[in-house]
Amino acid sequence: MAYRAKSDKDVEHLQPPQSGDAEQALLGSILKDDEAIHQVIGVIDTEEHFYAPRHRLIYKSMLELYNRSEPCDITTVANMMQKDSQLEKAGGRTYLVELAESVASTANVLAYASFSGALSVPQGGWYNVQLEALNSSNVALATENGTQK
C-alpha cells in the first residue's frame with residue numbers, strides 16, 4: 001500500500017537539500033556582473049532550481065531578460081519584476097541591492113551555480129521525491145513482512 005500524505009503537515013519535517021548562501025551568491029553575482037548569467041545558464045536553466053520562492057521570482061526575471069538579450073542588473077531586474085508585480089514579493093529593490101553587495105567577487109559564479117543545481121530537484125518537486133522514497137520503503141517493509149502480494 002502506497003503512503004499518501006493527507007496534508008503538508010505529513011511531510012513538513014522533510015527539507016530539501018538547499019543552500020541559501022549559494023543561491024544568494026549566484027543571484028548577487030549575476031546582478032553585479034551582467035556576463036555571469038552567460039556562464040550559469042547551462043547549469044541553471046530554470047527558476048525551479050531555487051528553493052527560496054523569492055529567489056525563483058528573481059531568477060525568472062533574469063531568464064526573461066536573458067532571453068530578450070537585455071542586461072541583468074539591479075535596475076533592469078527590478079523594472080522587470082515591478083512590471084510583473086513581483087518586486088515586493090521578492091523583497092523589493094533593497095533586497096536586490098543586498099544580493100549584489102553581498103558578493104565580494106563574481107569569479108566563483110559557476111561554482112555557486114553548480115552547487116545550487118546539484119542540490120535542486122527541478123520540475124518534480126522535493127516532496128514528490130520524498131513520497132516516492134516513502135512508498136518504496138513501505139513496499140520493501142511490506143514485502144519483508146509478507147504482506148505484499
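Modeller: The model is predicted. Helix α3 spans residues 53-67 and helix α4 spans residues 74-83. Their axes lie 9 Å apart and form an angle of about 105°. Angles of 65 to 115 degrees count as roughly perpendicular, so α3 is roughly perpendicular to α4. On the α3 side, the contact is made by L57, I58, S61, M62, E64 and L65. On the α4 side, T76, V77, M80 and M81 meet them. By class, the residues of this contact are 7 nonpolar, 2 polar and 1 charged.

Next comes the loop between α2 (36-40) and α3, where E47 is placed. Leaving aside residues up to four places away in sequence, E47 touches R56, Y59, K60 and L63. E47 is buried but has no salt bridge. The nearest side chain of opposite charge belongs to K60, at 4.9 Å, whereas a salt bridge requires a side-chain nitrogen of Lys or Arg within 4 Å of a carboxyl oxygen of Asp or Glu.

Across the whole structure, a search finds 1 salt bridge. The side chains of K83 and D84 form a salt bridge, with 4.0 Å from N to O. K83 is exposed, because its relative accessible area is 52% and the cut-off for exposed is over 50%. D84, at 29% relative accessibility, counts as partly exposed. E47, by contrast, is buried.

Notes
Residues are numbered from 1 along each chain as its sequence is written. This is a predicted model: local features need pLDDT of at least 70, side-chain atom pairs count only at pLDDT 80 or more; totals for chains, interfaces and linings use all residues. Side-chain values use heavy atoms; hydrogens and water are left out. Axes are lines fitted to C-alpha atoms, for helices over the stretch in contact, and angles run from 0 to 180 degrees between N-to-C directions. Helices (H or I, at least four residues) and strands (E, at least two) are DSSP runs, numbered from the N terminus. Angles under 35 degrees count as roughly parallel, over 145 as roughly antiparallel, 65 to 115 as roughly perpendicular and the rest as oblique. Contact means heavy atoms within 4.5 Å. Ala, Val, Leu, Ile, Met, Phe, Trp, Tyr, Cys and Pro count as nonpolar, Asp, Glu, Lys and Arg as charged, and the others, Gly among them, as polar. Buried means under 20% relative accessible area, exposed over 50%, partly exposed in between (1.4 Å probe, protein chains only). Lys and Arg count as positive and Asp and Glu as negative; His and the chain ends are not counted.
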